Amino acid sequence: MGKSLQSTTEKTVTGRAFRIRHLALEVANLEKSIAFYQGVFGMKVLRVRDNPIRNDIAAYLGYNDEQKDVSIELYQFLNGRPNLPPERGFHFALAVENIESVYDRAIKAGATSKTPPQNNRPNSVNKFAFICDPDGHEIELTENAHGGQK
């Protein structure tokens, strides 16, 4: 692969370079979900696309260039949800500063609490919390006091 696609997120397997491009989440109301992710997490809309074949519309949100960094794809089916299996056991994590503030802002914006902010382990200064966005997608918030692993 060309150097333009290489980043620190790529791993090489059998000579091929890979990176996570986006996480896709089905939402009930695209505009409401965009407002939630922008208002709570400061994400920006990187692009919007519609797909008449699938009859859906999607917005890609993130912090930087979608071609280099991971983004979140929020998509809404326009004529009802097709027969897809329910999501089970999936969550994504966001590293944050001041976890209590982000957690409170999320709850005020319509998220529900699964696990309030707390230390990862006894005597740990690193913290985590779990919330669900307005569509029920589970989000882990992490705060690492020293920038290391949780």
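Me: Two strands pair if DSSP finds at least two bridges between them. With that in hand, how many residues lie between the strands in the hairpin of strand 4 and strand 5?

Reply: Four residues lie between them, and Asn-55 takes a positive phi near 60° in this hairpin. Bear in mind that the model is predicted. Strand 4, residues 44-51, and strand 5 pair in the antiparallel sense over seven bridges. Asn-51 stands opposite Asp-56 of strand 5.

Me: In what sense do strand 5 and strand 6 pair?

Reply: The sense is again antiparallel, and the pairing runs over six bridges. Within the second pairing, Tyr-60 stands opposite Glu-73.

Me: How many of the residues of strand 5 are buried?

Reply: In a regular strand the side chains alternate between the two faces of the sheet. For strand 5, six of the seven residues are buried, so the strand is largely enclosed by the rest of the structure.

Me: Which residues is Tyr-60 in contact with, leaving aside its neighbours within four places in sequence?

Reply: Among them are His-22, Lys-44, Val-45, Leu-46, Arg-47 and Arg-49, together with Glu-66, Ser-71, Ile-72 and Glu-73. With Glu-73 there is also a polar contact, side chain to side chain, at 3.2 Å. Leu-23 lies 37 residues from Tyr-60 in sequence, and their C-alpha atoms are 9.4 Å apart.

Me: Which residues of the largest nonpolar core touch the most other members?

Reply: A nonpolar core is a set of buried residues of the kinds Ala, Val, Leu, Ile, Met, Phe, Trp, Tyr and Cys, joined through side-chain atoms within 4.5 Å. The largest one here has 25 residues, and those touching the most other members are Tyr-37, Phe-41, Leu-74, Ile-131, Ile-139 and Leu-141. At least two residues each come from helix 1, strand 5, strand 6, strand 7, helix 2, strand 9 and strand 10. Helix 1 gives the largest share, six residues. Leu-74 is in contact with Leu-30, Ser-33, Ile-34 and Tyr-37, and also with Ile-57, Ala-58, Ala-59 and Leu-61, among others beyond four places in sequence.

Me: What is found at the start of helix 1, and what just after it?

Reply: At the start, a side-chain oxygen of Asn-29 comes to within 3.2 Å of the backbone nitrogen of Glu-31. Just after the helix, Gly-42 takes a positive phi of about 70°. Helix 1 itself has 12 residues and reaches 16 Å from first C-alpha to last, close to the 16 Å expected at 1.5 Å a residue.

Me: How do the elements of the chain run from the N terminus on?

Reply: The order is β-β-β-α-β-β-β-β-α-β-β-β, with two helices and 10 strands in the chain. The chain has 150 residues, of which 36% count as buried. Of the contacts with a separation of 6 or more, 48% are between residues 24 or more positions apart.

Terms used:
Residues numbered from 1 in each chain as written. Predicted model: local features only at pLDDT ≥ 70, side-chain atom pairs only at ≥ 80, totals over all residues. Heavy atoms only, no water. Contact = heavy atoms within 4.5 Å. Polar contact = N/O pair within 3.5 Å; in protein donor to acceptor, adjacent residues only side chain to side chain. Buried < 20%, exposed > 50% of the residue type's maximum accessible area, 1.4 Å probe, protein only. Expected span 1.5 Å × (residues − 1).
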